[in-house]
Amino acid sequence: MRRSLSLLARQVARRRLLSNVPESTVYGGPRPQESSAARRVTVTTLRGKHRRGEPITVVTAYDYPSAVHVDSAGIDVCLVGDSAAMVVHGHDTTLPITLELMLEHCRAVARGAPRPLLVGDLPFGSYESSAAQAVDSAVRVLKEGGMDAIKLEGGAPSRIAAAKAIVEAGIAVMGHVGLTPQAISVLGGFRPQGKTVDSAVKVVETALALQEAGCFSVVLECVPAPVAAAATSALKIPTIGIGAGPFCSGQVLVYHDLLGMLRHPHHAKVTPKFCKQFGNVGDVINKALSEYKQEVETQTFPGPSHTPYKITPTDVDGFANALQKMGLSDAADAAAAAAQNSEKGGEPNGNC
């Protein structure tokens, strides 16, 4: 009896996770998910992994499906990056995306990824004016976007002050140094950093300043491996590398890049040369779309197995009679012919 009550309680708990989702008999829809509160990744989780020397995994996501995949794979951190401007919206840089649009992406990801730590990027123009603006934007990312933490780029004094103010407001902050895409106007494009003595020292100094400001982690982007190794050694917080070699505390890649989604030559500029493609999803997508197009054009889809909804012969006759009374004799004939064809399990006759 006690075991039955325990099972019932678990079933009720699972249903409550999706209590606002109507039951659907048409679409597969979201399924009730196991409660993940006990295994949810937090900043404390990452500190523990860093202390034990366990690599941290980070992947970007921008919508519900990608978030579900990241969650299912057991990735530690799901970053809702402003890279959405490029890989989702087709811009050449990350600059055009707005805070409002980032919040939409954050909300979608939060619905699909209950387990990993969720980090939302502060987009260009949402935190540069003042520390107060930075705090206001960060608060919105958590309250309206459903994120656990925010990420901001750069190491100028104003950015350090912004990071400090956000931390003091009670919000976890991930820093970002090296190549900072929001600063391409100053950097002269997407250029690696830390390739000279002065530049390498600046990377380490900036990372230390962000640590001092209270950041729980720092992204190191497009810097030589020795520079990343030095920064990782100097810091007491985890470093997350992207194009920074194997000596960081963890790694991050863009979802579309690592899956090989953007396979068309037009998109070559979007996939950086440091990115390993762990799949050829773009080829799979293109093949599936081509097969769908062919089957629609040859009228082999949808076949009987994908035409599941039935109407009884009696109702077909009644329906045809009703159409005749409406003066729609051709429609009545079409309904009758379709019903007869379905009974035989045949294909369309080409008159659709």
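What follows is a friendly conversation about a predicted model, in which labels are checked against their cut-offs.

Biologist: Let's start with the overall picture. What makes up the fold, and how much of the protein is buried?

Modeller: There are 14 helices and eight strands. Of the 352 residues, 39% count as buried. The protein exposes about 19800 Å², with carbon and sulfur atoms supplying 57% of that area.

Biologist: Why is Ile56 called buried?

Modeller: Buried means under 20% relative accessible area. Ile56 has a relative accessible area of 3%, so Ile56 is buried. This residue lies in strand β1, residues 56-60.

Biologist: What is Ile56 in contact with, leaving aside its neighbours within four places in sequence?

Modeller: Contact means heavy atoms within 4.5 Å. On that basis Ile56 is in contact with residues including Leu46, Val77, Pro238, Ile240 and Gln251. As for Ile75, its C-alpha is 8.3 Å from that of Ile56, and the two are 19 residues apart in sequence.

Biologist: Where else does Ile56 turn up? I'm curious about the largest cavity and which residues line it.

Modeller: Ile56 is one of the lining residues, and among the others are Leu46, Val58, Met174, Phe216 and Ser217. The largest cavity has a volume of about 40 Å³, and the structure holds one cavity of 30 Å³ or more.

Biologist: On to charges. How do you know that Asp148 and Arg40 meet in a salt bridge?

Modeller: A salt bridge needs a side-chain nitrogen of Lys or Arg within 4 Å of a carboxyl oxygen of Asp or Glu. For Asp148 and Arg40 the N to O distance is 3.0 Å, and the pair meets in a salt bridge. Asp148 lies in the loop between α6 and β4 and Arg40 in the loop between α1 and α2, so the pair ties together parts that are 108 residues apart in sequence.

Biologist: What makes Glu100 and Arg140 a pair?

Modeller: Their side chains meet in a salt bridge at 2.7 Å, N to O. Glu100 lies in helix α5 and Arg140 in helix α6, so this pair ties together parts that are 40 residues apart in sequence. Glu100 and Arg140 are also linked with Glu144 in a network of salt bridges. In total the structure holds ten salt bridges.

Biologist: Last one: what makes the nonpolar surface patch, and how does Phe301 qualify for a patch?

Modeller: The patch is made by Tyr292, Val296 and Phe301, and covers about 280 Å². Patch residues need over 30% relative accessible area. Phe301 is found in the loop between α12 and α13.

Note on methods. Residues numbered from 1 in each chain as written. Predicted model: local features only at pLDDT ≥ 70, side-chain atom pairs only at ≥ 80, totals over all residues. Heavy atoms only, no water. Patch = residues over 30% accessible without salt bridge, like charges linked within 9 Å, V, L, I, M, F, W, Y side chains within 5 Å. Areas by Shrake-Rupley, 256 points an atom, 1.4 Å probe, with all protein chains shown as cover. Helix = DSSP H or I, 4+ residues; strand = E, 2+ residues; numbered from the N terminus. Buried < 20%, exposed > 50% of the residue type's maximum accessible area, 1.4 Å probe, protein only. 1 Å grid on protein atoms, 1.4 Å probe; cavity = no way out; pocket = protein on both sides within 12 Å on 5 of 7 lines; lining within 4 Å. Points joined across faces, edges and corners; volume = space filled by probe spheres on them.
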